[in-house]
Amino acid sequence: MYRPARVPSNSRFLNPYLVCFIVVAVVIILAVTIALLVYFLAFDQKSYFYHSSFQILNVKYSDQLNSPATQGYKTLSGRIESAITKTFKESNLRNQFIKAHVVKLRQDGSGVTADTVMKFKFPRNNNGESMKNRIESILHQVMNNLGNLEVNPSTEITQITDQDTVHIFTQECGARSDLMTLSNERVVGGTDAEEGDWPWQVSLQLNNIHHCGGILISKSWILTAAHCFRSDSDPRNWIASFGISITFPKERIRVKTILTHKNYNSATRENDIAVLKLERDISFTKNIHRVCLPVATQNISPGSMAYVTGWGSKRYGGQTVQDLQQGQVTIISNDVCNEPLSYNGAVLSGMLCAGLPYGGVDACQGDSGGPLVQEDSRQLWFLVGIVSWGDNCGLADKPGVYTRVMAYRDWITEQTGI
């Protein structure tokens, strides 16, 4: 009798479904591994900051270069930034270069040196020294894009940390956090301010209660409105509070001196400006530092955008708030502001109007003395107005009226030396 072979139950041949599952699993694991390798080698990039000083040989230092508000400062800084950008965008580091910013123009003998910070993005595992050499090599070509400016060809760079970058920016005026990181994104809006959005904003508190806003213009001086001190001008009763929260301030410093404009007129609201000196200097940080002051000749164009900030009430007759608020407004010409339906001639030459055509966004009670600021083409913020007065809050044809800072630029210097 034939005895055909029996196939045992534990056959040496794998189940085809199991084989398929194993193959798919192996492919997925390989794909994930390769993807992670590609990501970490090519896409896991880190920001790197470098500092360089450009010595400009054929430009003599002058008063036109001692403030970022002057046209000479803006023009020269802009030329250097544009030349650096053009050079790197035409190089083999075009995809790694992010931005360059001239942080300061300073006197160097009779000439000028431009202290500059540059931002790049490289994979984390890059060779730091090799990358620095590549950047330095390309940087020597910048002079080809500077036209008639003569630059010392021995320009060297130094890699700096994120903290070093923040420190460099906070020693100068008008930089927000987006500029300190050399970001190309400019996000400003909404109602609630974030920490560091408006680092020059101060809460002036009378007997520990918020009374007015103020603007930090140096480590020891604050600019505000004269009418804030009509009820009490004794500096011993005033404290300056820093940070976006009144409840949880970053720092509080007592006021040493209050200097109001001697020609302040409460009836006409003319010369509504004052300066306060702190008992001690405040240390500048990413979230606390000064705004840029304008030059006396700075032009403020009607229709241009500005921002007003403060802890004032959200409606006329309401209570002040605990967290800093921000509002976007537009500059309105004095002629329009003085029309019969508006303020009918009450807005004087030392004043500035800002609001929206149909109202809705405005400073209000508790915002007095706070800043009205504008951003320039280099992402620096300048103080153009101080919250002074208005009819109610946010009404159509009744915009906020501000002390025009440009008109008092010499007065500020006389009082503070700034």
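**Figure 1. A surface patch of negative charge.** Asp192, Glu194, Glu195 and Asp323 gather on the surface in a patch of negative charge. Patches are made of residues with over 30% relative accessible area and no salt bridge, with like charges joined within 9 Å and nonpolar side chains (Val, Leu, Ile, Met, Phe, Trp, Tyr) within 5 Å. Asp and Glu count as negative and Lys and Arg as positive, while His and the chain ends are not counted. The place of a charge is taken as CG of Asp, CD of Glu, NZ of Lys or CZ of Arg. Helices (H or I, at least four residues) and strands (E, at least two) are DSSP runs numbered from the N terminus. Glu194 counts as exposed because its relative accessibility is 53%; the classes are buried, under 20% relative accessible area, exposed, over 50%, and partly exposed in between (1.4 Å probe, protein chains only).

The model is a predicted one, in which local features need pLDDT of at least 70 and side-chain atom pairs count only at pLDDT 80 or more, while totals for chains, interfaces and linings use all residues. Residues are numbered from 1 along each chain as its sequence is written, and side-chain values use heavy atoms, with hydrogens and water left out.

**Figure 2. The whole protein.** The protein has 7 helices and 16 strands. Of its 418 residues, 49% are buried. Among contacts (heavy atoms within 4.5 Å) between residues at least 6 apart in sequence, 69% join residues at least 24 apart.

Figure 3. Leu341 is placed in the loop between helix 6 (334–337) and strand 13 (351–355). With a relative accessible area of 69%, Leu341 is exposed. Apart from its neighbours within four places in sequence, Leu341 is in contact with Asp397 and Lys398. The C-alpha atoms of Leu341 and Ala396 are 9.7 Å apart in space, and the two residues are 55 apart in sequence. Asp397 belongs to the loop between strand 15 (381–389) and strand 16 (400–404). The phi angle of Asp397 is near 65 degrees, a positive value in a residue other than glycine. Asp397 is partly exposed, at 42% relative accessibility.

Figure 4. Side chains of opposite charge can pair when their charged atoms come close. A salt bridge is a side-chain nitrogen of Lys or Arg within 4 Å of a carboxyl oxygen of Asp or Glu. Lys398, a contact of Leu341, forms such a bridge with Asp391, and their closest N and O atoms are 3.9 Å apart. Lys398 counts as buried because its relative accessibility is 17%, whereas Asp391, at 35% relative accessible area, is partly exposed.

**Figure 5. Two further salt bridges.** The structure holds 9 salt bridges. In one of them, Glu172 pairs with Lys104, with 3.8 Å between the closest N and O atoms. This pair links distant parts of the chain, 68 residues apart: Glu172 is in the loop between helix 4 (162–170) and helix 5, and Lys104 is in strand 2 (residues 97–108). Lys104 is partly exposed, with a relative accessible area of 32%. The side chains of Arg176 and Asp178 also meet in a salt bridge, at 4.0 Å from N to O. Both Arg176 and Asp178 are buried.

**Figure 6. Asn271 in a loop between strands.** Asn271 is in the loop between strand 9 (251–260) and strand 10 (274–278). Phi of Asn271 is near 60 degrees, which is positive in a residue other than glycine. Asn271 counts as buried because its relative accessibility is 13%.

Figure 7. Gln71 lies in helix 2 (residues 71–89) and is exposed, at 54% relative accessibility. Between Gln71 and Val295 there are 9.5 Å from C-alpha to C-alpha, with a sequence separation of 224 residues. Gln141 is in the loop between helix 3 (128–139) and strand 4 (157–160). Gln141 is partly exposed, with 38% relative accessible area. Gln141 and Ala83 are 58 residues apart in sequence, and their C-alpha atoms are 9.4 Å apart in space.

Note on methods
Accessible areas come from the Shrake-Rupley method with a 1.4 Å probe; for residues, only the protein chains shown count as cover.
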